[in-house]
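Subject: Handing over a structure, with notes

Dear colleague,

I am passing on the structure below, and I would be glad if you kept it open while you read the notes that follow.

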Amino acid sequence: MSNIVIATRESRLAMWQAEHVKALLQEQGHAVELLGMTTRGDQILDRSLSKVGGKGLFVKELELALEEGRADIAVHSLKDVPMDLPEGFMLACVLEREDPRDALVSPRHASLAELPQGAVVGTSSLRRVVLLRALRPDLRIEPLRGNLDTRLRKLDEGQYDAIVLAAAGLKRLGLEDRIRECFEPDTMLPAAGQGALGIEIRSDRADLLALLAPLDSRADALATAAERAVSRAMGGSCSMPLAAHARWQPDGRLRIDAALGDPEGTAPLLQAQLVAEAGDPAQATALGEAAARLLQK
Ligand SMILES: NCc1[nH]cc(CCC(=O)O)c1CC(=O)O
C-alpha cells in the first residue's frame, strides 16, 4: 500500500475529478492526499484559449509538481491533455468515460430546435461553433469562457439564450438537471477524449503503473487513443475545429467518426467514418490516423 499525492487544479470540476480518483485509490487500500494548484489556464479568463497557448496551459503547473516530486499523479480531463506530452511524462491510464456528449443548457428553451431565430448561444469551442453553425446558421454564437459555474452564471444573468458545454462536467457536479438536450454524437460530434479522465505520471515512475491498473478502462483507453490519434495526425490544437469520437460496435470493432470544420465557416464540414479491429493501442492509433488521412484528402 502506498501514499499517493494527486496534483489537481482547484476548479470545482477538477477537484471533483481528483476526489473521484482519490476515492478509487482508497478503495484499493492506498493513502491519498490532494495537492491543489492554480494554472495559467485558470487565470486567463478574458481571451479564448486558442489565442493564448491552448491545452498545455492547464497542465504545466501540475507537471512541475510531478517533476519536483511534490506529487505522484495528475488527474486531467483527457480533452484538455495535449496530444503529445512533454518529454518525461506519460499517460498512465484512462478511466471509464462519463457521457461524451455535448449538452444544451437554457433557462427558457427546451432544445436547439426551439431556440428562436437569431438566438444568442454561448460557447468558445471552435468545434462547437462550427457544428452549431451547420445545424442552425441563423444563431448568433458568442464567446463564453470560464469554469462551469462561471458559464452557468453568465447564462443566468441573461447574456445568452443558451449555452453548449460538455454533459460530463455538468453531471459530475450534480448539475444534470440543467441539461435541456444532449446532442447525439451524430448530431454534434464530440471532441477527442471528451468525458474521459486521464492520469499523468512521470515516465520514470513505472512503479505507479501496477497501482493504477485497476482504474484503467481498456475499452475507453482504446477508444480515446483512436480519437487522440486523429488530433495528433491533424496537428491538433484547440485552434482547429476538430471533432473525433470513437464507439465500440456490437460486433466488437471500433467505429471512429471525425469532422473538420473551416474556422471561417464558409467551406463545408469535412467528415470521415471508419471501422476496424482495435484490440490493442497500435491498432486503435492506426484507425485514428487513417480517419485523419481521409479528412486530409
Ligand atoms: N475545455 C474545458 C473542459 N474540459 C473538460 C470539460 C468537461 C468534462 C469532460 O469533457 O471530461 C470541460 C468543460 C466543457 O467542455 O464544457
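Predicted model: local features only at pLDDT ≥ 70, side-chain atom pairs only at ≥ 80, totals over all residues.

Residues are numbered from 1 along each chain as its sequence is written. The mean pLDDT of the protein (pLDDT being the predictor's confidence in each residue, from 0 to 100) is 92, and 92% of its residues reach 70 or more. For the complex, the predictor gives an ipTM of 0.94 and a pTM of 0.92.

Domains

The domain assignment, which is automatic or comes from a database, divides the protein into domain 1 (1-96 + 196-216), domain 2 (102-183) and domain 3 (217-297). Between the C-alpha centres of domain 1 and domain 2 there are 27 Å, and eight residues of domain 1 are in contact with 11 residues of domain 2, where contact means that the C-beta atoms of two residues, placed from the backbone, lie within 7 Å. On the domain 1 side, helix α1 (residues 12-27) supplies the largest share, four residues; helices (H or I, at least four residues) and strands (E, at least two) are DSSP runs, numbered from the N terminus.

The ligand

Around the ligand are S77, K79, D80, L165, A166, A168, G169, Q194 and G195, each with its C-beta atom, placed from the backbone, within 6 Å of it. The elements that give two or more residues to this shell are β8 (162-166) and α7 (167-172). Because domain 1 and domain 2 both give residues to the shell, the ligand lies between them. By class, the shell has three nonpolar, four polar and two charged residues, where Ala, Val, Leu, Ile, Met, Phe, Trp, Tyr, Cys and Pro count as nonpolar, Asp, Glu, Lys and Arg as charged, and the others, Gly among them, as polar.

Five of the five residues of β8 are buried, so the strand is largely enclosed by the rest of the structure; a residue is buried if 20 or more other C-beta atoms lie within 10 Å of its own, exposed if 12 or fewer, and partly exposed in between, with C-beta atoms placed from the backbone. Strands count as paired if DSSP finds at least two bridges between them. Strand β5 (residues 102-105), by contrast, pairs with β8 in the antiparallel sense over four bridges, with V105 opposite I163 and A103 opposite L165. Four bridges also join β5 to strand β9 (residues 179-183), again antiparallel, and there the bridge partner of V105 is I179.

A residue in strand β12

A258 belongs to strand β12 (residues 254-260), and it counts as buried because it has 29 C-beta neighbours inside 10 Å. Leaving aside neighbours within four places in sequence, the contacts of A258 include V230, A243 and L295.

With best wishes
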